[in-house]
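Thanks, everyone. Please have a look at the model on the screen, and I'll walk you through it.

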Amino acid sequence: MTLKVGVIGLGNMGRGMAATLAGKGFDVSGFDLSGAALAQAENLGVKSVGVCAELIPAVDVLILSLPKAEHVEAVCLGYDGILELGRAGLVVIDTTTSTPETSRKVAAALREQRIGFIDAPVSGGPKGAATGTMSMVIGAEPGDLAKATPVLEAMSGTRVHIGSVGAGNVAKIANNMLAAAHLISTAEAVSMAAKAGVDPEKLLQGLNAGSGRSGASQVMFPTWVLNKAYDSGFTMGLMRKDVGLASDLTASLDLDLPLSRLVAQLWQQSSQTLPDSDDFCCIVQRTDNALFGRGE
Ligand code: NAD
């Protein structure tokens, strides 16, 4: 029997996930509040549904790819949401970068209706979503994970089961805290070396052969920064959200992490010059606009 999969949120990531699963033989339907997002997904072979309430009761597995935790809570626990309309046995795979508390709260409420919920935030960007090569860090109970596995395997290249529900988002927040720092620290290293007369491309080759390498030096700078493309498909607004999630988690644990605090300040202050709609890699322009800016 063909597994029926629903996707709620057909933006940069959800669209690619839905198209990947449709291309691999799943029966995929999707919903988005935006008509333009629905139309784009439809062009990629995804059946579009006009109202969420039509989708939720009709599927075996439901994927969420929403901007923030508050959207996840509304879709799961709100009016005409998953708690109200999902059938027993449904498993929800939440790929949103959300908060561990939201994941735990929603999972506990849905469990009462025998609906499973796993947090499986992702890395790999729109390209990873569209090619089924994303990485996922997963918080799940073993029974729910087993049910979701055929879908998870079809949409990702690497999966790490971190722990119980909420642990996926803890791991994702830690990951993005590092990515946010690495973009800035790599920009500082490239700017310093350029002023010392070293070509940025040559420097990156050196860094990537050495111990200073990171996702910023290996992927972000070569793909989106040095060529000034700034078209990763991940926005400044969403990365600022993730940096805020890291600050909130740190504060809730009563920790003093001075380097992370400074990184968070730099990202928050950047809103004065870099709007939420800009590519997240544009943060490097604050370090050295002459080197990294587009000169517009
Ligand atoms: P996006 O803004 O492109 O897409 C989100 C979509 O959700 C939009 O189309 C919006 O209309 C829709 N939406 C919002 N509320 C809705 C609701 N109640 N019902 C239905 N649709 C609704 O965002 P994105 O870049 O696809 O990111 C999605 C999530 O994945 C975010 O949490 C982000 O942090 C995370 N993420 C993004 C990337 C990336 O490279 N873009 C990478 C890793 C993780």
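**Loop, cores and salt bridges**

Leu253 sits in the loop between helix H12 (236-252) and helix H13 (258-269). Keep in mind that this is a predicted model.

Asp256 makes a salt bridge with Arg261, with 2.5 Å between the closest N and O atoms. Asp256 is exposed at 55% relative accessibility. Arg261 is partly exposed, at 43%.

Now the annotation. UniProt, in an unreviewed entry, lists residues 166-285 as "domain: 3-hydroxyisobutyrate dehydrogenase-like NAD-binding". That span is 65% helix and 0% strand, and its end C-alpha atoms lie 34 Å apart.

Which residues touch the most other members of the largest nonpolar core? They are Leu21, Ile63, Ile93 and Val151, in a core of 31 residues. Elements giving two or more residues to this core include strand S1 (4-8), helix H1 (14-23), strand S4 (61-64) and helix H8 (142-155). H8 gives the most, with 6 residues.

Take Ile63. Leaving out residues up to four places away in sequence, its contacts include Val5, Val7, Met17, Leu21, Ile93, Val151 and Met155. There is also a second, separate core, with 29 residues. Trp224, Met236, Cys281 and Val284 are among them.

Next, salt bridges. The structure has 7. In one of them, the side chains of Glu73 and Lys105 meet at 2.6 Å, N to O. Glu73 is in helix H4 (residues 69-77) and Lys105 is in helix H6, so this pair ties together parts 32 residues apart in sequence. Both ends are partly exposed: Glu73 at 26%, Lys105 at 46%.

Arg240 and Asp276 form another, with the closest N and O atoms 2.6 Å apart. Arg240 lies in H12, and Asp276 lies in the loop between H13 and helix H14 (289-292), so the pair links parts 36 residues apart in sequence. Is Arg240 buried or exposed? Buried, with a relative accessible area of 7%. Asp276 is partly exposed at 48%.

Last, backbone angles. Most residues other than glycine have a negative phi. Arg114 has a positive phi of about 60°. It is found in the loop between helix H6 (100-111) and strand S6 (116-119), and Arg114 is exposed at 62% relative accessible area. Lys228 also has a positive phi, near 60°. Lys228 is in the loop between helix H11 (215-225) and H12, and is partly exposed at 28%.

Conventions: Residues are numbered from 1 along each chain as its sequence is written. This is a predicted model: local features need pLDDT of at least 70, side-chain atom pairs count only at pLDDT 80 or more; totals for chains, interfaces and linings use all residues. Side-chain values use heavy atoms; hydrogens and water are left out. Helices (H or I, at least four residues) and strands (E, at least two) are DSSP runs, numbered from the N terminus. UniProt positions are given in the numbering used here, feature names are shortened, and annotations may be inferred rather than shown by experiment. A nonpolar core is a set of buried Ala, Val, Leu, Ile, Met, Phe, Trp, Tyr and Cys residues joined through side-chain atoms within 4.5 Å. Buried means under 20% relative accessible area, exposed over 50%, partly exposed in between (1.4 Å probe, protein chains only). Contact means heavy atoms within 4.5 Å. A salt bridge is a side-chain nitrogen of Lys or Arg within 4 Å of a carboxyl oxygen of Asp or Glu.
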